[in-house]
Amino acid sequence: MKIAVVGAGTIGLSWTTLMLAKGHTVRVTDPRPDLAEAVRDAVHEFVPTVPGFAGEAEELLSRLEIAGSVEEAVGGVHAVQENGPERLEFKQELFAAIEKAAPAEALILSSTSGLTPSSMSARMADPGRLVVGHPFNPPHLIPLVELVGASEREVARAKEFYLSLGKVPVVVHKEVRGHVANRLQRVLFEECVNLVEQGVVSMTELDDIVTNSVGVRWATVGPFLAFHLGGGPGGLRHMMSHLMPYVPAEVQERLADQAEAVYPLASNEERAARRDRQQLEIISSKERDDDVR
Ligand SMILES: NC(=O)c1ccc[n+]([C@@H]2O[C@H](COP(=O)([O-])OP(=O)(O)OC[C@H]3O[C@@H](n4cnc5c(N)ncnc54)[C@H](O)[C@@H]3O)[C@@H](O)[C@H]2O)c1
């Protein structure tokens, strides 16, 4: 596949490395004067942490193309991954230009952390072509890509594309500013700031609390499955009715029904055993990290 990477800062350089490591030809464009050198340095730096890749950076660089303009970058490609500055007007103009210059069937994807596809596609002839493919930094390493767009067909094509890159694409069904992962991070971080500001714990104490509790847990099971398993034989229904009076009763009912449909209670023992195995692995790898610290 031939892929255009538009914008080669933190995110674009990381995507470029991953896409090259997956065997694609990548054409990069960015007005920065040190573009060729920046890509070369990034590929050398990132390639050891591309999951499952054991090849050489120099071999990847033989499939790299540097383009002098957006139009030149997107001509004849199968997909465009945009990673320019996070400014709405800039992205609106950029996507109008990309749509004109890219092949009609090319995927048009944006890494935007916060902007919605309907706002960024305002100047496109076919706004449905734009799909947000928001990675969690760094994209060559962290699995998640959040997908949101107006066209189900384009979102489905984007999902196939990211699966082929070894990513974990998750479709977000309604566009909201900040998508999902960053909204969650923001709520938690606001409380981190409060607790440190109030002197409840120091910064390092708070970091130790997170990395030795919810960090280990949430790397293996998400917040819903964690409480479904934590609720014992009664699952999430029991957990919420006993410990979560702040969740209205009818919401508890709906969520418990959902949890029991997607995670049947009968197989929770197996899920808990898998969670424990994975947590053990994480804890032992963290001990090695602590030696370094
Ligand atoms: N940094 C993160 O943690 C993170 C995570 C996920 C998504 N994102 C999103 O990725 C996008 C890029 O963020 P970043 O952190 O890499 O920013 P960055 O500032 O590191 O990189 C932006 C790049 O865009 C280039 N650029 C400017 N005008 C351009 C043009 N006309 N054509 C092509 N390139 C142009 C700049 O020279 C720069 O190298 C943003 O939309 C951001 O929201 C960032």
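Predicted model: local features only at pLDDT ≥ 70, side-chain atom pairs only at ≥ 80, totals over all residues.
Residues are numbered from 1 along each chain as its sequence is written, and side-chain values use heavy atoms, with hydrogens and water left out.

Over residues 178-258 the chain is 72% helix and 0% strand, with the end C-alpha atoms 25 Å apart; helices here are DSSP runs of H or I with at least four residues, and strands are runs of E with at least two. The chain as a whole has 14 helices and eight strands, and of its 293 residues 42% count as buried, meaning under 20% relative accessible area with a 1.4 Å probe, protein chains only.

Now to the largest pocket, whose volume is about 1,700 Å³; a pocket is an open set of points on a 1 Å grid where a 1.4 Å probe fits, with protein on both sides within 12 Å along at least five of seven lines, and lining residues have an atom within 4 Å of a point. Of the 48 residues that line the largest pocket, those closest to its centre are Leu184, Gln185, Leu188, Trp218 and Pro223. Helix H8 gives the largest share of that lining, ten residues, and H8 itself spans 181-197.

Conventions. Points joined across faces, edges and corners; volume = space filled by probe spheres on them. Buried < 20%, exposed > 50% of the residue type's maximum accessible area, 1.4 Å probe, protein only.
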